[in-house]
Amino acid sequence: MENGVVLAMRKIGKVFPGVRALHDVDFTLRKGEIHALMGENGAGKSTLIKVLTGVYEKDAGEIYIDGEEGAITIRSPQEALSHGISPVYQEITLCPNLTVAENMYIGRTPGALVNWKQMEQKAGELLRNLNIPARPKQQLGSCSLAVQQMVAIARAVDGDCKVLILDEPTSSLDDKEVEMLFKLMRDLKARGVGIIFVTHFLEQVYAVSDRITVLRNGELVGEYEVGKLPQVELVAKMMGKELESLSVIKKDAQGGARAPETLYEAEGLSSSESRPFDFHIAKGEVNGFTGLLGSGRSESVRAIFGADRVTGGRVKVNGKPVRIAKPYDAMKHGIGYLPEDRKRDGIIADLSVRDNMILAMQVMKGFFHPISRADAEKFADEYIKALEIKTASQDTPVKSLSGGNQQKVILARWLLTHPQYLILDEPTRGIDVGTKTEIQRLVLKLAEEGMSVTFISSEIEEMLRTCSRLIVMRDRHIVGELTGGELTQEQVMHTIAGGGN
Amino acid sequence: MKKQKRLAGLTQLLVPLIALLALVLFNLIRDPGFFSVEMVANNNGDPVLKGNLISILNGASELAILAMGMTLVTAASGGQDISVGALATISASVFIKVLRGGGAIGVGTILLGFLLSCLVAMAFGAFNGTLVSVFRIQPMIATLILYTCGRSVAYWINGGASPTVDSPIVTALGGFIPGVPVPTPVLIVIAVGILFALAFRLTSLGLYMQTVGINQGAARLNGINAVGMKLLAFIILGACCSVAGIIGASRLSMVNHEQLLLDIEMDAILAVAIGGNSLGGGKFRMTGSIIGAYVIQALTTTLYAMKVPSTDIKAYKALVIILLVVIGSPVVKQKVSHLWAGIRARRAGKEAA
């Protein structure tokens, strides 16, 4: 192994039934280095981490670790630990009702007896060394989340830790706490620990990392030194677009020419999941929220629909002030919402295609006005034909349809309510290319007929093709708005990366 | 095509129907006259129907009514209410209390008694429902409270061991209406059944309950008040408890707070399960639960007819139930459908050759 390299993963492959999660991925971690692992959803980050920590067994490739001859095998998290690979996960996996010292040493004391005094002494030393503001005898639950996170890290690095894995450690911390955590990371780096840092916050990557490895669709895009990779290029690599190959798509200025009659307007709208933001959409307009995963785009549209607890803001529909606190309120004002997680939030798995389609319409009509069986069959037939849904019959449980057809069923559910404003969150995720274009064409057709549509997609081309205005989000804030000639991939990436105009 | 669809819908009812058929056949072979029904004169000289078939139909009345309500609670909440026996006893006590209020017992008194009993039972149902829907306590734990204390509450209401009433109307409620040869409880079951059928036809009760039971989060995103639906299920079950309790009390013209409808909650849950409904909630078929109730009662009546000592009956019942539950389990169902597919494939292969 090269000098200074603490971990080398070579040509790692992992296949799940029907999916190639990792293919030929190389990853190299050097001593005393903070190495960010980046990629969009489904890029293979967590699979790679799970292979390294023994949660999954790899199907191909080799793993080498400093100080050990030849390739090592990791079949369980315990084996990973014995090789000096310690993960700290996003949600804290310690026991809040035990003391800090107990949390640091529980399950790691040799034999059945515990020398409490020695344990507390050792814990105290380590905490002091790492400048962690916690006392060994303190209950862990009484510490702030950041300190708990740091205790988890102290537990992980105690002993012979060569590789520390931090999986989204900052997602529930505020700015000051993040700074505390970074200081600890730099301390550990100075002691020669190699740190793998998984996060989706771009700024944090640039604040603390030395190197970046980017994965996409289970393949290695490349390894870069932080100083030599501008943010915009990182975004491009994560999204799979080389900057120089980006063609400028001229969008016809359709959106601007239309009568700017506002349908929906929100001022300072916020929910339990989203920060306050302003938003508006005109009649017949197609706009979209874009940004990387976790940028807050889904949370924003959920706030519009009242899907999460709405905490503030003023909302107007057709110029009249209204209150939208729950989905039913939004539906009454003609708003439909196709959720991002089709399986969890969309389909009623065991119910038939027909029942799934008429659900929202039934709710609009009210509990005491059930849609007759004959009408329901007629509606279902009509939309199965119109959207070309492939199903054995209307009585088939929706769970036995393919993903794309399930999505069309939910789309039909909302179209049946004749909404004036339809929100589509990732309607094309995980469905085949043919269906994707069908759905895009449908969106444009609906807009022509006067419906307003907000569209979210991870695929930037899709957004550019369908939207006349893009709201760009990053780290849960709106950082820009692009219309007309600005609607290019390059511009979107610049805005996401913080370049602005 | 149409026929095939209807058949697919019936598969859920296959196991309870086969069980019922097997019990009928078993009895017919054992005693060809088992199901013979005759018209006899009762103590009052009125002609009434008599026979094992009638006693099965009559005896299952309380269970069938509770099973209907239990089906809704199971569907919407994915759990079961184990307090139905206790709640039925409370409602019966309220009913008897009103009747013992003094004065002659007329139809008006009975109606008032039913109304009050029903309201009290629905209020207790709402209590259970609130614990489950608002406080998200597991249904079995939430209803354990009323299961534990319900019979004491029933005792307090009348302040006596077993208060009795003496009224021909009450006797008629638990027995026969003069001139009508069919037992009144059977008629009440039919009435409750019709009410449910109407509710399913005139409202979206079925669709909402199933949606909430399958995916509460998605139900909310489609504008359904999931909390309200679960609450409603428990309130409806409360009303069912009231009707069942009144039938039970009317049979003996008294309330024995310790014995009335004892352990019926377990039979009600069993009826739902035998009916092919998932106890985890979601999709349901109320017809299945009703058939399930009659299967359980037919089994009991059969065992009695076979002169099995009453101390042993529960053990024999358990044996049959093990069989039914295993046959109805997803593992066996899957195996059978695999086997069936294999046979069909082989037959098709032969025909081709």
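In chain B of this predicted model, 75% of the contacts with a separation of 6 or more are made by residues 24 or more positions apart. Buried residues make up 47% of the 353 residues of chain B. Along its principal axes, the C-alpha trace of chain B spans about 85 × 55 × 40 Å.

How far can the coordinates of chain B be trusted? The pLDDT of chain B averages 91, and 97% of the residues score at least 70. Residues 1–6 of chain B have a pLDDT below 50, and this stretch has two contacts in the model beyond near neighbours in sequence. Where pLDDT is low, the predicted coordinates should not be read in detail.

One helix pair in chain B can be followed residue by residue. Two packed helices are described by the angle between their axes and the distance between the axes. Helix H3 of chain B covers residues 61–77 and helix H11 of chain B covers residues 226–252; their axes come within 9 Å and cross at roughly 170 degrees. An angle over 145 degrees counts as roughly antiparallel, so H3(B) is roughly antiparallel to H11(B). On the H3(B) side, the residues that meet H11(B) include Ile65(B), Leu66(B), Met70(B), Leu72(B) and Val73(B). On the H11(B) side, they include Phe234(B), Ile236(B), Leu237(B), Val243(B) and Ile247(B). The residues of this contact divide into 17 nonpolar, four polar and two charged. Glu62(B) in H3(B) and Lys230(B) in H11(B) are among the residues that take part.

Further along chain B, helix H12 (residues 264–274) is mostly covered, with 10 of its 11 residues buried. Among the buried residues of H12(B) are Ile264(B), Ile269(B), Leu270(B), Val272(B) and Ile274(B). Glu265(B) and Asp267(B) are also buried residues of H12(B). Just after H12(B), Gly276(B) takes a positive phi of about 85 degrees.

Chain A has 18 helices and 19 strands. The radius of gyration of chain A is 26 Å, close to the 23 Å that the globule rule gives for 501 residues, so chain A is as compact as a globular protein of that length. Its C-alpha atoms fill a box of roughly 75 × 55 × 45 Å along the principal axes. Of the 501 residues of chain A, 47% count as buried. Among contacts in chain A between residues at least 6 apart in sequence, 68% join residues at least 24 apart.

Glu179(A) lies in helix H6 of chain A, which covers residues 175–190. Glu179(A) counts as partly exposed because it has 13 C-beta neighbours inside 10 Å. The C-alpha atoms of Glu179(A) and Ile132(A) are separated by 13 Å, and the two residues are 47 apart along the chain.

Where do the two chains meet? The contact takes 19 residues from chain B and 23 residues from chain A. On the chain B side, helix H9 (205–214) and helix H10 (216–221) each supply at least two residues. H9(B) gives the most to that side, with five residues. The residues of the side of chain B that touches chain A divide into seven nonpolar, nine polar and three charged. For the complex, the predictor gives an ipTM of 0.87 and a pTM of 0.74.

Definitions and conventions: Residues are numbered from 1 along each chain as its sequence is written. Chains are lettered from A and ligands numbered from 1 in the order in which they are written. This is a predicted model: local features need pLDDT of at least 70, side-chain atom pairs count only at pLDDT 80 or more; totals for chains, interfaces and linings use all residues. A residue is buried if 20 or more other C-beta atoms lie within 10 Å of its own, exposed if 12 or fewer, and partly exposed in between; C-beta atoms are placed from the backbone. Two residues are in contact if their C-beta atoms, placed from the backbone, lie within 7 Å. Axes are lines fitted to C-alpha atoms, for helices over the stretch in contact, and angles run from 0 to 180 degrees between N-to-C directions. Helices (H or I, at least four residues) and strands (E, at least two) are DSSP runs, numbered from the N terminus. Angles under 35 degrees count as roughly parallel, over 145 as roughly antiparallel, 65 to 115 as roughly perpendicular and the rest as oblique. Ala, Val, Leu, Ile, Met, Phe, Trp, Tyr, Cys and Pro count as nonpolar, Asp, Glu, Lys and Arg as charged, and the others, Gly among them, as polar. pLDDT is the predictor's confidence in each residue, from 0 to 100. The radius of gyration is taken over C-alpha atoms; the globule rule is 2.2 Å times the number of residues to the power 0.38.
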